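Trainee: I am new to this structure and would like to learn how its features are read, one at a time. Could we go through it together?

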Amino acid sequence: KKDTIILGIETSCDETAASVVKNGREIMSNVVASQIESHKRFGGVVPEIASRHHVEQITLVLEKAITEAGVTWKDIDAIAVTEGPGLVGALLVGVNAAKALAFAKKKPLVGVHHIAGHIYANRLAHEFEFPMLALIVSGGHTELVLMKEHGDYELIGETRDDAAGEAYDKVARMLKLPYPGGPQIDRLAAEGEESINFPRAWLEADSYDFSFSGLKSAVINKIHNAKQRELTLNAEDIAASFQASVVEVLTEKTYRAAKEYNVNQVIVAGGVAANTGLRKSLEKRFSDEDFPLYIPPIQLCTDNAAMIAAAGTILFEKGHRSTLDLNANPSLLL
Ligand code: KG4
Ligand code: ZN
């Protein structure tokens, strides 16, 4: 059987990315232009600035992805692009580039859900075995998803308020750490002690949902109280204690779900999957159990286009095609 070669495009937030992937598993090129430096001084992603950067970068990034893969347009079977969720102006840049190329080069177009992409980042490292449980932890999502086959997603739990990455970024902001806060807190936490007992939001006994806003408020209160009473609080300890609360709940709920659904594989996806505390805790919890745990390499956890090409390959092979009417959908459902 002939190889399937897919060009992936991702512009949903603050990375302009393009990648060529063979057979949904083999990265031929993976180009990511990060805008983090431009957003840092605002303490978060500014949508208008993100869109403009995508417009400036997209052509260069696409050319680089194709050159580095050593392919020509003749070799590419289809173009996969993130259609949502994300920032609408940012998404539109990728979607319009993909549509223009699909039209000009006469290639099939496949719209991809950003979270499906995060899940399929794992398939660039190892093959899937179903039923499979995916813990998705990113800046916008915290979800437990059960997959019985390719492209089939059953939501069994989700956050009721903040996403895990959002909580990291907000706490980092309170500690006056630069954006994005997740890696900063991760770094500080490694140097601190879990000396503060922040709450764990277990919710109802049988629930796989998450909640991080109470924890976030507890951290704010702790910082304010210390300030009022002119106590010095150790940022490392706050980071370590906050991270311990997030990691414990994520680990336990994932473990419980893996057991209840008796899955053959557990995978982790999204930017927070890069967190060293979470990786360690999950690896420990799953180490002597019957549920093999896989966490992708860190560079595949955060936003990239190889994951979009990988998820797009499955859709393409199943016969999914988007028309040239494809539109960005900021609140697309998985
Ligand atoms: O998946 P992603 O790159 O973009 C979204 O789709 O949201 O995730 C970005 C999120 C940010 O909130 C960032 O702070 C968080 O992932 N993040 C981390 C780490 N690296 C990135 N959070 C905790 N620890 C990390 N090492
Ligand atoms: Zn993402």
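Trainee: Is histidine 114 buried or exposed?

Mentor: Keep in mind that this is a predicted model. A residue counts as buried if 20 or more other C-beta atoms lie within 10 Å of its own. Histidine 114 has 25 other C-beta atoms within 10 Å, and therefore it is buried.

Trainee: Where does histidine 114 lie, and which residues does it touch?

Mentor: Histidine 114 lies in helix H4, which covers residues 114–120. Not counting residues up to four places away in sequence, histidine 114 touches Ser12, Thr82, Gly84, Pro85 and Gly86.

Trainee: What does UniProt list for "binding site"?

Mentor: The UniProt entry, which is unreviewed, lists His114, His118 and Asp303 under that heading. These residues are spread over 190 residues of sequence, yet they cluster in space, with a largest C-alpha distance of 8.9 Å. Histidine 118 also lies in helix H4, and histidine 118 counts as buried because it has 30 C-beta neighbours inside 10 Å.

Trainee: In what order do the strands of the open sheet stand?

Mentor: The open sheet has 5 strands in the order S3-S2-S1-S4-S5, and their pairing is mixed. Strand S3 (26–34) and strand S5 (109–113) stand at the edges with a single partner strand each, so one side of each is left without a neighbour in the sheet. From one strand to the next, the twist averages 20 degrees.

Trainee: Which helix lies across S1, S4 and S5?

Mentor: That is helix H3 (residues 88–104), which runs at about 155 degrees to S4. Helix H11 (residues 306–317) also packs on the sheet, where it touches S1, S2, S3, S4 and S5.

Key
Residues numbered from 1 in each chain as written. Chains lettered and ligands numbered in written order. Predicted model: local features only at pLDDT ≥ 70, side-chain atom pairs only at ≥ 80, totals over all residues. UniProt positions renumbered as here; feature names shortened; annotations may be inferred. Helix = DSSP H or I, 4+ residues; strand = E, 2+ residues; numbered from the N terminus. Buried ≥ 20, exposed ≤ 12 C-beta atoms within 10 Å, placed from the backbone. Contact = placed C-beta atoms within 7 Å. Pairing = 2+ DSSP bridges. Axes fitted to C-alpha atoms, helices over the stretch in contact; angles between N-to-C directions.
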